[in-house]
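Trainee: I have a new structure to read. Can we go through it feature by feature?

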Amino acid sequence: MKVYNLRCEAGGHGFEGWFASQADYEQQKASGLLCCPVCGSAQVEKTLSAPRLNLKGGHSQAEEKSPALQAQARLLQLARELIANTEDVGERFAEEARKMHYQESEARNIRGKVSADEREALLDEGIAVLPLPILEGMDGPLQ
């Protein structure tokens with residue numbers, strides 16, 4: 001198993017990728033399967049990485065995460081929690097939000113998609129909505 005440090009060129013986000021081989025990495029990159037878990041950019045490159053040595057004792061400084069990586073990991077964790085604790089109503093978001101607001105259906109945690117105009121209309125009606133960037137594919141298992 002090969003573990004590579006990867007970085008997206010669009011936002012400079014760093015993350016790890018695990019591959020069966022160098023050829024597997026190259027095949028996934030060539031077919032557009034690699035993308036940044038933070039911004040979704042497919043412009044991903046390998047970066048320099050230190051070898052990982054499994055030694056007894058504490059962690060080396062190289063293994064400690066930078067504040068930026070800690071924040072990125074927390075953001076992904078929060079997005080996973082949000083997905084796990086909400087119902088995806090998709091394009092019916094505005095309709096479902098109105099039904100709950102006007103007590104035509106039971107209140108529950110929902111997420112979905114609305115246009116900017118529809119979001120403004122919901123806000124004008126006094127319905128609180130919060131736009132959140134959730135990347136495609138995050139509703140399934142992430143590696």
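Trainee: Is A128 buried or exposed?

Mentor: A residue counts as exposed when its relative accessible area is over 50%. This is a predicted model, and the value computed for A128 is 75%, so A128 is exposed.

Trainee: Where is A128 placed?

Mentor: A128 sits in the segment after α4.

Trainee: Let us turn to helices. Which residues of α3 are buried?

Mentor: Start with the general idea. An α-helix has 3.6 residues a turn, so residues three or four places apart point the same way. Now the case here. Helix α3 covers residues 93–101, and its buried residues are F93, A94, E96, A97 and M100. Seen down the helix axis, these buried residues of α3 fall within an arc of 165°, so they line one face of the helix.

Trainee: What covers the buried residues of α3?

Mentor: The cover includes β4 (87–90), β5 (110–112) and α4 (116–124).

Trainee: What comes just after α3?

Mentor: Look at Q103 there. Q103 takes a positive phi of about 55°.

Trainee: How do I describe the packing of two helices?

Mentor: Two packed helices are described by the angle between their axes and the distance between the axes. For α3 and α4, the axes come within 11 Å and cross at roughly 5°. Angles under 35 degrees count as roughly parallel. Therefore α3 and α4 are roughly parallel to each other.

Trainee: Which residues make the contact?

Mentor: From α3 come F93, A94, A97 and R98, and from α4 come E118, A121 and L122. By class, this contact of α3 with α4 has five nonpolar residues, two charged and no polar ones.

Trainee: Now the sheet. What is the order of the three strands?

Mentor: The order is β2-β1-β3, in an open sheet with antiparallel pairing. At the edges stand β2 (14–19) and β3 (44–46), each with a single partner strand, so one side of each has no neighbour in the sheet. Direction ignored, neighbouring strands of this sheet are turned by 40° against each other on average.

Trainee: How many bridges join β1 to β2?

Mentor: Six bridges join them, and the two strands run antiparallel. β1 spans residues 2–8.

Trainee: Which helix lies across β1, β2 and β3?

Mentor: That is α1, residues 22–30. Helix α1 runs at about 160° to β3.

Technical notes: Residues numbered from 1 in each chain as written. Predicted model: local features only at pLDDT ≥ 70, side-chain atom pairs only at ≥ 80, totals over all residues. Heavy atoms only, no water. Buried < 20%, exposed > 50% of the residue type's maximum accessible area, 1.4 Å probe, protein only. Helix = DSSP H or I, 4+ residues; strand = E, 2+ residues; numbered from the N terminus. Arc of directions from axis to C-beta. Contact = heavy atoms within 4.5 Å. Pairing = 2+ DSSP bridges. Axes fitted to C-alpha atoms, helices over the stretch in contact; angles between N-to-C directions. Parallel < 35°, antiparallel > 145°, perpendicular 65-115°, else oblique. Nonpolar A, V, L, I, M, F, W, Y, C, P; charged D, E, K, R; others polar.
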